[in-house]
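Morning, everyone. Please have a look at the model on the screen, and then I'll walk you through it.

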Amino acid sequence: MINKNLNKTKKTRHNFISIASYILIVAFACLLISQIISIHGQMEVINDENEELTAEISQIQQSNEELQYGIEHSSDPDTVEDIARNKLDLVKQGEIIFYDSNN
């Protein structure tokens, strides 16, 4: 009789440990899944920022190339005239400017 009660107690304890182990495993799996989802979201944000910064770098490099070209050709009369006409809206002495009134 004592052996039956002892065996029953051992089985109950074993069942409790098994259930507790399963609960811990499930809880750990849920925590792991939530962390993976969180990291995935962070990676998407970082990738978006990376794309934006890459585009910005490309624009800055293009601007630098244009500025470098301007520096290298700053004494070229044609370049000076082009800048004066297109960026500063200047005209040569004696030139007449016509404006289209339809636009």
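Salt bridges, then. Searching the whole structure, which is a predicted model, turns up 3 salt bridges.

Start with Glu81 and Arg85. Their side chains meet in a salt bridge, 2.9 Å from N to O. Why about one helical turn between them? Because Glu81 and Arg85 are 4 residues apart in helix 2.

Next, Lys92. Lys92 forms a salt bridge with Glu81, with 3.7 Å between the closest N and O atoms. That pair links distant parts of the chain: Lys92 is in the segment after helix 2, Glu81 is in helix 2, and they are 11 residues apart.

Then Glu95. Glu95 forms a salt bridge with Arg85, and here the closest N and O atoms are 2.6 Å apart. Again, distant parts of the chain are linked: Glu95 sits in the segment after helix 2, Arg85 in helix 2, 10 residues away.

How exposed are they? Glu81 is partly exposed at 29% relative accessible area, and Arg85 is partly exposed at 28%. Lys92 is partly exposed at 47%, and Glu95 is partly exposed at 35%.

On to the largest pocket. Its volume is about 210 Å³. Helix 1 and helix 2 each supply at least two lining residues. Helix 1 gives the largest share, 4 residues. The lining includes Glu66, Tyr69, Asp82 and Lys87. By type, the lining has 3 nonpolar, 2 polar and 3 charged residues.

Last, the surface. Phe28, Leu31, Leu32 and Ile36 form a nonpolar patch, with about 420 Å² of accessible area together. Leu32 lies in helix 1 and is partly exposed, at 43%.

Terms used
Residues numbered from 1 in each chain as written. Predicted model: local features only at pLDDT ≥ 70, side-chain atom pairs only at ≥ 80, totals over all residues. Heavy atoms only, no water. Patch = residues over 30% accessible without salt bridge, like charges linked within 9 Å, V, L, I, M, F, W, Y side chains within 5 Å. Areas by Shrake-Rupley, 256 points an atom, 1.4 Å probe, with all protein chains shown as cover. Salt bridge = Lys/Arg side-chain N within 4 Å of Asp/Glu carboxyl O. Buried < 20%, exposed > 50% of the residue type's maximum accessible area, 1.4 Å probe, protein only. 1 Å grid on protein atoms, 1.4 Å probe; cavity = no way out; pocket = protein on both sides within 12 Å on 5 of 7 lines; lining within 4 Å. Points joined across faces, edges and corners; volume = space filled by probe spheres on them. Nonpolar A, V, L, I, M, F, W, Y, C, P; charged D, E, K, R; others polar.
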